[in-house]
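Here's a quick briefing to read alongside the model. Have a look at the fold first, then come back for the details.

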Amino acid sequence: MDSHIPLRKVAILGATGSIGASTLDVIARHPAQMRASVLAAGRDVQALLELCRRHQPDHAVIADPAGFVALRDGLRDAGLKTQAHAGAEAIDSLAGSDQCDTVVAAIVGAAGLSSTLAAARAGKRLLLANKESLVLAGELLTREAAAAGAEIIPIDSEHNAIFQCLRSRDARAEAGVRRIILTASGGPFRGRRREQLASVTPAQAVAHPKWSMGPKISVDSATLMNKGLEVIEAHHLFNIPGARIEVLVHPQSLVHSLVEFIDGSTLAQMGLPDMRTTLAVGLGWPQRIESGVAGLDLLSQGRLDFEAPDLEAFPCLRLAWQAMEAGGSAPAILNAANEVAVSAFLQGRIGFLSIPALVEHALSTLPGAPADTLQALLAADAQSRQLTETAIAHSPHV
Ligand code: NAD
Ligand code: MG
């Protein structure tokens with residue numbers, strides 16, 4: 001490749017997770033073009049150390065301060081030059097520093113907001129997987145990114161598909177868009193009626209039929225909250241009103257989303273369900289680079305099916321639409337209640353159907369407020385977490 005192209009220095013926030021692993025896989029295929037300069041994780045020091053041994057970043061950060069000594073000593077014992085850091089502030093400051101030019105935002109949940117914002121404010125190329133930060137603070141984040149000249153490339157497969165469909169035309173592509181159609185696999189419980197969902201277990205919920213992902217997003221896919229979060233995400237990323245976003249269930253997960261234009265054309269992006277494709281788009285854009293993912297053999301796949309989502313069995317999708325329409329702090333309230341409920345479900349403290357019930361409870365109890373400042377959004381997030389924790393504590397197994 002052209003030796004004049006500077007080496008891309010990539011910070012991977014959420015390096016020990018599913019997106020982190022896919023990112024490192026793609027980067028390792030292009031040693032002359034890019035390297036992982038910063039690796040950050042939540043609390044699993046051993047997993048982070050293992051990644052440091054393999055990828056030799058300049059900096060490693062563990063969010064949990066209790067992990068600092070083990071990280072520092074582990075790096076030293078391995079004879080690595082990687083510098084150890086701890087705490088959320090260290091992640092934010094590295095994400096905004098000259099130690100990287102590209103940031104992969106792959107921390108799960110609202111915990112990823114501040115580092116995502118730091119990268120946006122510093123004008124980085126931002127490979128945005130952390131959809132919760134857009135749901136919580138979409139207007140703020142997109143505004144700050146535009147002001148600083150940060151280039152957001154969506155990593156969520158649906159939004160990456162839409163990004164590709166729009167960019168395949170000209171820079172003013174959005175002008176001719178009639179609607180955006182997000183596809184959804186339907187998750188592991190597609191086709192079940194509401195009453196059949198009462199007793200499903202965490203193990204069944206995280207067993208996604210098509211994608212291999214972290215536990216939180218897997219449960220979100222099972223409740224269809226994931227698609228609800230993605231509708232809000234698309235609204236902010238592509239600056240399109242909710243009324244022009246639709247959801248179509250497509251069990252094969254080969255068509256990743258579609259854009260319909262005013263001239264009657266519909267463009268779709270297709271491929272095998274493997275996040276390395278979307279990460280390669282983000283790392284290489286506007287060039288196409290190898291990702292390790294095979295091409296799509298439609299003959300062997302055989303067929304593509306489409307059906308309408310079942311909002312009766314999966315009310316989370318409806319709740320997310322409502323929160324988006326309500327605007328203000330409502331999406332922040334929805335997201336926080338969902339994070340708490342999903343965590344309680346994964347711990348076996350509540351049943352599957354309590355997830356939508358708790359989200360609905362938070363949305364109907366907490367007053368909607370304007371959400372023009374980060375402070376107001378974080379306050380709504382905190383209130384909703386507390387309300388939902390209390391509801392779970394007072395009525396276990398709701
Ligand atoms: P995961 O659970 O596999 O990994 C999460 C990562 O975040 C881990 O590295 C963990 O250590 C880190 N982390 C957790 N809490 C943290 C904290 N407080 N501070 C710093 N780091 C913290 O999750 P995932 O499946 O990789 O998903 C990551 C994000 O990407 C989510 O927002 C998810 O919705 C989004 N996403 C994932 C996929 C996928 O295929 N996995 C697809 C689309 C979008
Ligand atoms: Mg998605």
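At its relative accessibility, does R53 count as buried, partly exposed or exposed? R53 comes out as partly exposed, at 39% relative accessibility. Keep in mind that this is a predicted model. The notes below take in the metal site, some of the salt bridges and a nonpolar surface patch.

**Magnesium site**
- Three protein residues donate to the magnesium ion (ligand 2): D156 through OD, and E158 and E230 through OE, at 2.1 to 2.2 Å.
- D156 sits in the loop between β7 (151-154) and α7 (157-167), while E230 belongs to helix α10 (residues 225-237), so this pair ties together parts that are 74 residues apart in sequence.
- Written along the chain, the donor spacing reads D-x1-E-x71-E.
- D156 is buried, with 8% relative accessibility, and E230 counts as buried too, at 1%.

**Salt bridges**
- Searching the whole structure turns up 25 salt bridges.
- R53, from the opening question, pairs with E50 in a salt bridge, with 3.5 Å from N to O.
- R53 and E50 are three residues apart in helix α2 (residues 45-55), which means about one helical turn separates them.
- E50 is partly exposed as well, with a relative accessible area of 36%.
- Another salt bridge joins D77 to R76, with 3.5 Å between the closest N and O atoms, and both residues are exposed.
- R179 and E260 meet through their side chains in a salt bridge, at 2.7 Å from N to O.
- Because R179 is in strand β8 (residues 177-184) and E260 in strand β10 (residues 255-261), their pairing ties together parts that are 81 residues apart in sequence.

**Nonpolar surface patch**
- M270, L298, L304 and F306 make up a nonpolar patch on the surface, and together they have about 320 Å² of accessible area.
- One of these, L298, is part of helix α12 (residues 298-301).
- L298 has a relative accessible area of 43%, so it counts as partly exposed.

Terms used. Residues are numbered from 1 along each chain as its sequence is written. Chains are lettered from A and ligands numbered from 1 in the order in which they are written. This is a predicted model: local features need pLDDT of at least 70, side-chain atom pairs count only at pLDDT 80 or more; totals for chains, interfaces and linings use all residues. Side-chain values use heavy atoms; hydrogens and water are left out. Patches are made of residues with over 30% relative accessible area and no salt bridge: like charges are joined within 9 Å, nonpolar side chains (Val, Leu, Ile, Met, Phe, Trp, Tyr) within 5 Å. Accessible areas come from the Shrake-Rupley method with a 1.4 Å probe; for residues, only the protein chains shown count as cover. A salt bridge is a side-chain nitrogen of Lys or Arg within 4 Å of a carboxyl oxygen of Asp or Glu. Helices (H or I, at least four residues) and strands (E, at least two) are DSSP runs, numbered from the N terminus. Buried means under 20% relative accessible area, exposed over 50%, partly exposed in between (1.4 Å probe, protein chains only). Donors are N, O and S atoms within 2.8 Å of the metal (3.2 Å for Na, K and Ca); water is not among the atoms, so sites may look incomplete.
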